[in-house]
Amino acid sequence: MAPSLILLGFMGSGKTAVGQELAGRMGLGFRDADQLIEERSGMTVTEIFSNQGEAGFRRQEEATVLDLLDAAESAGGMVISLGGGAVTSERLRDRLNEEPRVVLLDSDLESAYHRSQDGSRPLARDFKQFSALFQERRSLYEKVARFRIDTRGKSVRQVADAVMHAIGERNEDI
Ligand code: S3P
């Protein structure tokens, strides 16, 4: 049974695209935590933020990610991408510290901001706020990540290659 592969990183670092690519290569199921939160609540992330505030979103995020990690363990391992702020929960950081394959996708501020402008991210509307969060989160990611991948200038496939190399995994189709 393979441990789950958990992708962390700031908004716009490519966690969802890279997670899907890796799940295909490793023959594992893929789950994106934000999508699951939206399915469970019947609301978009933006709607949750405007109806319940960030604190309401964080409560749902914590509960959903804890359930997801348990489900992944029962399923024999999955690839999971977490929302960029999941690490703000101490409970989640403690839980993630038990996982051996937690990978940080590290991006630069400008590309992260550029890639976060699809209108779905309430915390990516203002560059100054985005930039302050980017700095604040760095130490939290470093507290839980076992591996760090520099995504700058890399395609989704290249980032996935780097992750596979870091965790010492072979592609299933080789
Ligand atoms: C957030 C990141 C988002 C989403 C929400 C809050 C954050 O996920 O969970 O908008 O606080 O960094 P992505 O990292 O998938 O964009």
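**Aromatic pairs and helix packing in the predicted model**

Five aromatic pairs are counted, where rings of Phe, Tyr and Trp (its six-membered ring) pair if their centres lie within 6.5 Å. Planes under 30 degrees apart count as stacked, over 60 as edge-to-face and the rest as tilted. The model is predicted, so that local features need pLDDT of at least 70 and side-chain atom pairs count only at pLDDT 80 or more, while totals for chains, interfaces and linings use all residues. Residues are numbered from 1 along each chain as its sequence is written, and side-chain values use heavy atoms, with hydrogens and water left out.

One of the pairs joins F10 and F130, with 4.9 Å from centre to centre and 65° between the planes, an edge-to-face arrangement. F10 lies in the loop between β1 (5-8) and α1 (15-26), whereas F130 belongs to helix α6 (residues 127-144), so the pair ties together parts that are 120 residues apart in sequence. Helices (H or I, at least four residues) and strands (E, at least two) are DSSP runs, numbered from the N terminus. F10 has a relative accessible area of 3% and is buried; the value for F130 is 0%, and F130 is buried. Here buried means under 20% relative accessible area, exposed over 50%, and partly exposed in between (1.4 Å probe, protein chains only).

F130 also pairs with Y113: the ring centres are 5.1 Å apart and the planes stand at 65°, so this pair is edge-to-face. Because Y113 lies in helix α5 (residues 109-115) and F130 in helix α6, the pair ties together parts that are 17 residues apart in sequence. Y113 counts as buried at 19% relative accessibility. One aromatic cluster is formed by F10, Y113, F127, F130 and F134.

Two packed helices are described by the angle between their axes and the distance between the axes. Axes are lines fitted to C-alpha atoms, for helices over the stretch in contact, and angles run from 0 to 180 degrees between N-to-C directions. Helix α2 (residues 33-41) packs against helix α3 (residues 45-74) at about 110°, and the axes are 9 Å apart. The two are therefore roughly perpendicular (angles under 35 degrees count as roughly parallel, over 145 as roughly antiparallel, 65 to 115 as roughly perpendicular and the rest as oblique). On the α2 side the contact (heavy atoms within 4.5 Å) includes L36, I37 and E38, and on the α3 side F57, Q60 and E61 are among the residues involved. The contact residues comprise nine nonpolar, three polar and five charged; Ala, Val, Leu, Ile, Met, Phe, Trp, Tyr, Cys and Pro count as nonpolar, Asp, Glu, Lys and Arg as charged, and the others, Gly among them, as polar.

E61, in helix α3, is buried with a relative accessible area of 2%. Apart from neighbours within four places in sequence, E61 contacts D34, I37, G83, G85, A86 and L92.

For α1 and α7 the packing angle is about 60° and the axes lie 9 Å apart, which makes α1 oblique to α7. In this contact A17, V18, E21, L22, R25 and M26 of α1 meet residues of α7 that include V156, V159 and M164. The residues of the contact divide into ten nonpolar, no polar and four charged.

Q158 is also located in helix α7 (residues 156-167). Its relative accessibility of 40% makes Q158 partly exposed.
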